[in-house]
Amino acid sequence: MRREDVQVWLERYIAAWSSYDEKAIGELFADEAEYRYHPWDDPLVGRAAIVADWLANKDEPGSWTAHYDVWSFDGERASAVGESRYTNPDGSFRTLYYNHFLLRFDTHGRCVDFIEYFMELPERLRAGR
């Protein structure tokens, strides 16, 4: 993996999330991948479990946008930061999450370990967003 490959992976992650295409989601992760929505969670283990969980917990189409960038890179490990912005059905701002992903990849560019850290923008700072 190169730093640029991780950025492409992040873009594919967003595209798979947006489309909820089973194949696109599965292609992101290794067979034995572990996925945690929070660092304290027990992981989802295996590509099939990750895909099934994504498909069971869909966000409404058009209700969010996201952008993530590689923060650091060291061989098979990477860190990415970014934002996920959610809107109400009328298009008005709902909330913003600041995201940090810890990632580890196999030699085929598939994610083996995914751990997400996120913080929601406090209510007091949401005015004018």
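**Strand pairing and helix packing**

In β5, L96 is the bridge partner of R85. This is a predicted model, in which local features need pLDDT of at least 70 and side-chain atom pairs count only at pLDDT 80 or more, while totals for chains, interfaces and linings use all residues. Residues are numbered from 1 along each chain as its sequence is written, and side-chain values use heavy atoms, with hydrogens and water left out.

Sheet

- Six strands form an open sheet of mixed pairing, in the order β2-β1-β6-β5-β4-β3, where strands (E, at least two residues) and helices (H or I, at least four) are DSSP runs numbered from the N terminus, and two strands pair if DSSP finds at least two bridges between them.
- The edge strands, each pairing on one side only, are β2 (44-45) and β3 (64-74).

Antiparallel neighbours

- Strand β4 (residues 77-87) runs antiparallel to β3, to which 10 bridges join it; A66 stands opposite S84 of β4, and D74 stands opposite R77 of β4.
- The hairpin of β3 and β4 has two residues between the strands, and G75 in its turn has a positive phi of about 70°.
- Between β4 and β5, which also run antiparallel, there are 11 bridges; this hairpin has five residues between its strands, with G91 in the turn at a positive phi of about 90°.

Helices

- Helix α3 (residues 47-56) lies across β1 and β2 and runs at about 55° to β1, the angle being taken between N-to-C directions on a scale from 0 to 180 degrees, with axes fitted to C-alpha atoms, for helices over the stretch in contact (heavy atoms within 4.5 Å).
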